[in-house]
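Work through the exercises below with the model open beside you, and try each task before you read its solution.

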Amino acid sequence: MRHVVPFRLQHAPNSAEEADFLSANRKLADIPGVQAFELSRQVSPKNAFTFCVSMAFADRAAYDAYNIHPAHVDFVQTR
């Protein structure tokens, strides 16, 4: 199972705020069950998004556990 989240930030490119957000985002890879975590930058001008997070899970149960994990919930609520 793959979870993909394309997004763009309101922070200025290459700013400290952008770096802080991306660093916090990378920590989601440490949540149990997350596999093949990738944080990538979009380079095509045809796409409105500037970043994409992609991660894999062994099954729906692993994704469901990730989705309610306190670190993920905190990230979603505060970022």
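Two residues are in contact when heavy atoms of theirs lie within 4.5 Å. The model used in these exercises is a predicted one.

**Exercise 1. A residue in helix 1**

Find out whether Asn-25 is buried or exposed, and list what Asn-25 touches, not counting residues up to four places away in sequence.

Solution. Begin by placing the residue: Asn-25 is found in helix 1. Next, take its relative accessible area, which is 4%, and compare this with the cut-off, since a residue is called buried when the value is under 20%. Asn-25 is therefore buried. Finally, leaving out residues up to four places away in sequence, the contacts of Asn-25 are Phe-37, Leu-39, Val-53 and Phe-75.

**Exercise 2. The sheet and the helix that packs on it**

Describe the order and pairing of the strands in the sheet, and state which strands helix 1 touches.

Solution. The sheet is open and has 3 strands, arranged in the order 1-3-2 with antiparallel pairing. Its edge strands are strand 1 (2–7) and strand 2 (35–41), each of which pairs on one side only. On average, and with direction ignored, neighbouring strands of this sheet are turned by 10 degrees against each other. Looking at one pair in detail, strand 1 and strand 3 (residues 51–56) are joined in the antiparallel sense over 6 bridges, and Val-4 stands opposite Ser-54 in strand 3. Helix 1 (residues 16–26) packs on this sheet, where it touches strand 1, strand 2 and strand 3, and its direction makes about 165 degrees with that of strand 2.

**Exercise 3. A residue in strand 3**

Determine whether Ser-54 is buried or exposed, and say how far apart Ser-54 and Ala-65 are in sequence and in space.

Solution. Ser-54 lies in strand 3, and because its relative accessibility is 10%, Ser-54 counts as buried. Not counting residues up to four places away in sequence, Ser-54 touches Arg-2, His-3, Val-4, Ala-36, Phe-37 and Glu-38. Ser-54 and Ala-65 are 11 residues apart in sequence, while from C-alpha to C-alpha they are 17 Å apart in space.

**Exercise 4. The buried sides of two helices**

Which residues of helix 1 are buried, and which residues of helix 2 are buried?

Solution. In helix 1, the buried residues are Glu-18, Phe-21, Leu-22, Ala-24 and Asn-25. Around the axis they cover an arc of only 160 degrees, so they are on the same side of helix 1. These buried residues pack against strand 1, strand 2, strand 3 and helix 3. In helix 2, the buried residues are Ala-62, Tyr-63 and Tyr-66. Their arc around the axis is only 100 degrees, which puts them on the same side of helix 2. On the other side of helix 2, Ala-61 and Ile-68 are exposed. Strand 1, strand 3 and helix 3 are included in what covers the buried residues of helix 2.

**Exercise 5. Two helices that pack**

At what angle do helix 2 and helix 3 pack, and which residues meet?

Solution. Helix 2 (residues 60–68) and helix 3 (residues 70–78) pack at about 55 degrees, and their axes are 5 Å apart. The two helices are therefore oblique to each other. From helix 2, Tyr-66, Asn-67 and Ile-68 meet Pro-70, His-72 and Val-73 in helix 3. Sorted by class, this contact of helix 2 with helix 3 has 4 nonpolar, 2 polar and no charged residues.

Note on methods:
Residues are numbered from 1 along each chain as its sequence is written. This is a predicted model: local features need pLDDT of at least 70, side-chain atom pairs count only at pLDDT 80 or more; totals for chains, interfaces and linings use all residues. Side-chain values use heavy atoms; hydrogens and water are left out. Axes are lines fitted to C-alpha atoms, for helices over the stretch in contact, and angles run from 0 to 180 degrees between N-to-C directions. Helices (H or I, at least four residues) and strands (E, at least two) are DSSP runs, numbered from the N terminus. Angles under 35 degrees count as roughly parallel, over 145 as roughly antiparallel, 65 to 115 as roughly perpendicular and the rest as oblique. Ala, Val, Leu, Ile, Met, Phe, Trp, Tyr, Cys and Pro count as nonpolar, Asp, Glu, Lys and Arg as charged, and the others, Gly among them, as polar. Two strands pair if DSSP finds at least two bridges between them. Buried means under 20% relative accessible area, exposed over 50%, partly exposed in between (1.4 Å probe, protein chains only). The arc is that of the directions from the helix axis to the C-beta atoms.
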